[in-house]
Every structure is written in structure tokens, then in C-alpha cells.
Amino acid sequence: KVACIYDEDKFRALDQVLEKTGFYEILGRKWKDSGKKKDDFLIAVKSNFMMTYNKIDESTYTDPQLVEYLFNELYKKGYKSLALVESRNTYGLYFEKREVEEVARYVGYQGKNYTICDLTQEREEFNYGGPLGRHYVGQTWRDADFRISFAKNKTHSFCYYTLTLKNIYGTLPLENKLLEYHKKR
């Protein structure tokens, strides 16, 4: 389901989206089907933030307050194995201090009730099949029991705009995304 909500209060808007899409019911079913304890059920949230060059320009990253609000709600519901995931990008080849955790903290992620995972550091070989074939995957993203793409609607020089699918593309762990994914593939 898709929900388009406008509310002056961003947290109330997110609550309405979660309610109208049946998010917690879907999550609950997936958890029960897993046979795991809630404490061991890994939820990975992929947001956008590695294209941030200055936190003044909020158009480049997902609102950390909203993402942390979701983490807090999940934690209150008993889900304790929570991870914010992201991978490095081409900026890291040209600028210092571009590790995932450093950029996450710069834009405002606190890491309370969840871990911040660098998929580039965690990369392992993986067979995706299809056109990507044998490539790499970040361990936390691969092993998650439930994956959430918390995308930022923004423009992109190659894709024109980015939403959930482009956000998931950001889980691919090789740092030189321009060369590896925009040119080679």
C-alpha cells in the first residue's frame, strides 16, 4: 500500500503513513513467521545520507529525526536488534571523514537503540544471480530479517530523481559507485 499524507507535524504524518500502510501488521507477520524472539529479529533501515556535503542542505539526506522516531517506536514494540545501514560512496575517494558512522553523526543520527553499520566495511562476496551476478553485499543488509528503505525524494544527475529503488542501490558496498554502477553496469 502507498499512503500520501500531509501534516504540519512530521511525526504525526509518519504515524499516519505507518497506520494506513499496515506497516506494523506486516512487520508482526514477518517476525512471527521467522520463529525468532523479537530481541533477535534484525531490522535494517537504509536511509539516504552519504551524499550530504553540508547539513544545512537538508535536500540531500533523509530526516534523521524521522528515522530515529521509527527506531524508537520499533524499540518500544520490543524489537531490539535494529540497524541503520549505509555504504560509502564516491565522495570518500576525494574527501576526508567520509566513513558511514562519521557522516551519520554529522547529519544528526545518535545511534540510541540501534547500531550504525557501514556496509562497505562489512562487504562479503555474494551471488545475486541475474545481471549483477557475483558481487558484494554488506553483512547486516544480507542477514536482516526485515529491511526498510527510508528514502529521501531528491534529484540525481544520472537518474533524475531518487526514491526507494535508488536508495536500495545505495546498499551496494563498493565505494566508487560512479565507476562500478553508473559506468561499468
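Keep in mind as you look around that the model is predicted. Cys-117 is buried, with a relative accessible area of 9%. The structure holds zero disulfides. As a reminder, a disulfide is a covalent bond between the sulfur atoms of two cysteines.

## The overall picture

Stepping back, you can find seven helices and eight strands in the protein. The radius of gyration is 16 Å, close to the 16 Å that the globule rule gives for 185 residues, so the protein is as compact as a globular protein of that length. Along its principal axes, the C-alpha trace spans about 40 × 40 × 30 Å. Of the 185 residues, 43% are buried.

## The parallel sheet

In which order do the four strands of the open sheet stand? The order is S3-S2-S1-S6, and the pairing is parallel. Strand S3 (115–118) and strand S6 (146–150) stand at the edges with a single partner strand each, so one side of each has no neighbour in the sheet. From one strand to the next, the twist averages 30 degrees.

Within this sheet, strand S1 (residues 43–47) pairs with strand S2 (residues 82–86) in the parallel sense over four bridges.

## Helix H4 and its buried side

Helix H4 (residues 100–107) lies across S2 and S3 and runs at about 135 degrees to S3. Val-100, Val-103, Ala-104 and Val-107 are buried in H4. These residues cover an arc of only 105 degrees around the axis, which puts them on the same side of H4. What covers the buried residues of H4 includes H3, S2 and S3. Just after H4 comes Gly-108, which takes a positive phi of about 125 degrees.

Is Asp-118 buried or exposed? At 8% relative accessibility, Asp-118 counts as buried, because the cut-off for buried is under 20%. Asp-118 lies in strand S3. Leaving aside residues up to four places away in sequence, Asp-118 touches Glu-86, Arg-88 and Val-100.

## An antiparallel pair

Another pair to find is strand S4 (residues 123–127) with strand S5 (residues 134–138), which pair in the antiparallel sense over five bridges. Here Glu-124 has Val-137 as its bridge partner in S5. The hairpin of S4 and S5 has six residues between the strands, and Gly-129 in this hairpin takes a positive phi near 75 degrees.

| Strand pair | Sense | Bridges |
|---|---|---|
| S1 (residues 43–47) and S2 (residues 82–86) | parallel | four bridges |
| S4 (residues 123–127) and S5 (residues 134–138) | antiparallel | five bridges |

Terms used
Residues numbered from 1 in each chain as written. Predicted model: local features only at pLDDT ≥ 70, side-chain atom pairs only at ≥ 80, totals over all residues. Heavy atoms only, no water. Pairing = 2+ DSSP bridges. Helix = DSSP H or I, 4+ residues; strand = E, 2+ residues; numbered from the N terminus. Axes fitted to C-alpha atoms, helices over the stretch in contact; angles between N-to-C directions. Contact = heavy atoms within 4.5 Å. Buried < 20%, exposed > 50% of the residue type's maximum accessible area, 1.4 Å probe, protein only. Arc of directions from axis to C-beta. Disulfide = S-S within 2.5 Å. Rg over C-alpha atoms; globule rule 2.2 N^0.38 Å.
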